[in-house]
Amino acid sequence: RERADVEHRLICKDGREIPVEIGLKPMTIAGKPHVLAAVVDISTRKRAEEAERENRETEQRFRLLVDGTKDYGIFMLDLRGNVVSWNAGAERIKGYVADEIIGRNFSCFYPPEDVASSKPEKELAVAKAHGRFEDEAVRIRKDGSRFVASVIITALRDQDGNLQGYSKVTRDIGERKEAESALRRSEARKTAILGSSLDA
């Protein structure tokens with residue numbers, strides 16, 4: 001063969017074991033065959049490969065977690081507020097499948113009056129300035145129906161602090177709001193009955 005490269009592990013003088021790449025090249029010197037061996041420490045490359053593999057596995061586990069979450073709509077927005085990812089919870093809550101919504105601006109989830117007052121843009125501005133925006137407000141489903149949502153928008157920045165986009169978590173809290181309202185009505189009736197009894 002013209003050249004052979006193999007990976008191996010060597011023991012250093014101090015007892016450390018390191019990964020190396022050994023390049024073997026046949027050559028002739030003074031009419032006699034020899035083999036030139038080049039040994040390169042590839043520890044740094046191996047650490048980088050391992051870190052990349054762990055990052056891929058972490059991303060995969062996170063993706064499984066997000067995609068498997070049904071009670072919360074979890075998705076990402078680019079710098080302009082366009083949807084770039086979509087989970088099963090978002091589909092269940094808002095009614096859009098991924099192919100229908102990815103690439104569209106998230107303002108389509110807001111009532112027309114909120115869009116007219118630039119509420120979506122203002123929320124992104126708050127998240128950009130303070131790192132986070134949180135609210136409970138009315139949102140719109142694909143079929144046009146309205147629901148009360150708990151919304152958290154988080155600014156996503158890289159290691160240098162540069163804004164890369166936003167994450168958005170939405171939960172339909174309509175049932176909770178209805179239960180709270182029913183409880184308040186019940187408490188009001190009890191108070192009224194008690195007041196009437198005392199008067200009597």
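User: Why is L36 called partly exposed?

Analyst: L36 has a relative accessibility of 47%. Buried means under 20% relative accessible area, exposed over 50%, and partly exposed in between (1.4 Å probe, protein chains only); L36 therefore counts as partly exposed. The model is a predicted one, in which local features need pLDDT of at least 70 and side-chain atom pairs count only at pLDDT 80 or more, while totals for chains, interfaces and linings use all residues. Residues are numbered from 1 along each chain as its sequence is written, and side-chain values use heavy atoms, with hydrogens and water left out.

User: What makes M27, I29 and L36 a patch?

Analyst: Patches are made of residues with over 30% relative accessible area and no salt bridge, like charges being joined within 9 Å and nonpolar side chains (Val, Leu, Ile, Met, Phe, Trp, Tyr) within 5 Å. M27, I29 and L36 form such a nonpolar patch on the surface, with about 250 Å² of accessible area together (Shrake-Rupley method, 1.4 Å probe, only the protein chains shown counting as cover for residues). L36 itself lies in strand β3.

User: What are the elements of the protein, and how are they defined?

Analyst: There are 6 helices and 7 strands, in the order β-β-β-α-β-α-α-α-α-β-β-β-α from the N terminus. Helices (H or I, at least four residues) and strands (E, at least two) are DSSP runs numbered from the N terminus.

User: Why is S167 called buried?

Analyst: The relative accessible area of S167 is 19%, so it falls under the limit for buried residues. S167 lies in strand β7 (residues 163–172). Leaving aside neighbours within four places in sequence, S167 is in contact (heavy atoms within 4.5 Å) with F75, M76, I152, I153, T154 and L156. Across the protein, buried residues make up 27% of the 200 residues.

User: What makes R16 and D14 a salt bridge?

Analyst: A salt bridge is a side-chain nitrogen of Lys or Arg within 4 Å of a carboxyl oxygen of Asp or Glu. The side chains of R16 and D14 meet at 2.8 Å, N to O, so the pair qualifies. R16 is partly exposed at 48% relative accessibility, whereas D14 is exposed at 54%. The structure holds 12 salt bridges.

User: Which parts of the chain does the salt bridge of E100 and K142 tie together?

Analyst: The side chains of E100 and K142 meet at 2.6 Å, N to O. E100 lies in helix α3 (residues 98–101) and K142 in the loop between β5 (132–140) and β6 (146–157), so the pair ties together parts that are 42 residues apart in sequence. E100 is partly exposed, with a relative accessible area of 33%, and K142 is partly exposed at 42%.

User: Where do E113 and R146 lie?

Analyst: E113 and R146 form a salt bridge at 3.0 Å, N to O. E113 is in helix α4 (residues 112–116) and R146 in strand β6, 33 residues apart, so that the pair links distant parts of the chain. E113 is partly exposed at 43% relative accessibility, and R146 at 46%.
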